[in-house]
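Trainee: I would like to take a close look at a single part of this model, and I would be glad if you could walk me through it slowly.

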Amino acid sequence: MKGDSGVNLQQMLEMRMDIEMPWRPSGDTRLLCAMTHTLSAFLMMLAVGALAIVHMRLGWRRKINRISGVTLLILLLMLLLTSLGIFYFGSEEASRISSQLHALAGIMLITVVVWHIEKGRRIRLKLLSADRNKYGRDV
């Protein structure tokens, strides 16, 4: 399957990890996975933009959960830049390294999101507990 530019789409979508897999999905399955992955990236960037308006600004002003929040932003930026590098770096080696960094950042993102949410829950519970103690009632 070749596009107008003569670039083999199937080869372009292949992960350049130098790992032999015991199975290989069909071309249609790979295309569906790539489309789903790209759509989820667009939706993630929309969500980050929406969170930046209130959630991030409020957390930054209150000086809470900053380390995990900044770590999330760094990983998202890393995902964005490495996604461009996978296809647009000039050499195969640079593209392969970008692909590996992209996979690593994606795996780390899951862990940091869980950490950020859990830390936020603990902070919220602590604040609610302090308010209950201060006012002597449910807030």
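This is a predicted model: local features need pLDDT of at least 70, side-chain atom pairs count only at pLDDT 80 or more; totals for chains, interfaces and linings use all residues.

Mentor: The patch lies on the surface and is formed by Met-44, Met-45, Leu-77, Leu-80, Leu-81, Leu-84, Phe-87 and Tyr-88, which together have about 790 Å² of accessible area. Helix 3 gives the largest share of the patch, six residues. One of the patch members to look at is Leu-84, which is found in helix 3 and has a relative accessibility of 44%, so it counts as partly exposed; the cut-offs behind that word are that buried means under 20% and exposed means over 50%, with partly exposed in between.

Now turn to Val-48, which lies in helix 2, the helix of residues 27–62. Val-48 has a relative accessible area of 16%, and therefore it is buried, because the limit for that term is under 20%. If its neighbours within four places in sequence are left aside, Val-48 is in contact with Met-56, Leu-73 and Leu-76.

From here we can move on to charged side chains, starting with Arg-66, whose charged end sits over the ring of Trp-60, 3.8 Å from its centre. As for aromatic pairs, the count comes to zero.

Side chains of opposite charge can pair when their charged atoms come close. A search of the whole structure finds two salt bridges. In one of them the side chains of Arg-96 and Glu-93 meet at 2.5 Å, N to O, and both residues lie in helix 4 (residues 92–135), three residues apart, about one turn of the helix. Arg-96 is buried, with a relative accessible area of 18%, whereas Glu-93, at 43%, counts as partly exposed. In the other salt bridge, Arg-121 and Glu-118 meet at 3.0 Å, N to O; because Arg-121 and Glu-118 are three residues apart in helix 4, they are separated by about one helical turn. Arg-121 counts as partly exposed at 42% relative accessibility, and Glu-118 is partly exposed as well, with a relative accessible area of 34%.

Terms used
Residues are numbered from 1 along each chain as its sequence is written. Side-chain values use heavy atoms; hydrogens and water are left out. Helices (H or I, at least four residues) and strands (E, at least two) are DSSP runs, numbered from the N terminus. Buried means under 20% relative accessible area, exposed over 50%, partly exposed in between (1.4 Å probe, protein chains only). Contact means heavy atoms within 4.5 Å. Rings of Phe, Tyr and Trp (its six-membered ring) pair if their centres lie within 6.5 Å; planes under 30 degrees apart count as stacked, over 60 as edge-to-face and the rest as tilted. A charge sits over a ring if NZ of Lys or CZ of Arg is within 6 Å of the ring centre and within 35 degrees of the ring normal. A salt bridge is a side-chain nitrogen of Lys or Arg within 4 Å of a carboxyl oxygen of Asp or Glu. Patches are made of residues with over 30% relative accessible area and no salt bridge: like charges are joined within 9 Å, nonpolar side chains (Val, Leu, Ile, Met, Phe, Trp, Tyr) within 5 Å. Accessible areas come from the Shrake-Rupley method with a 1.4 Å probe; for residues, only the protein chains shown count as cover.
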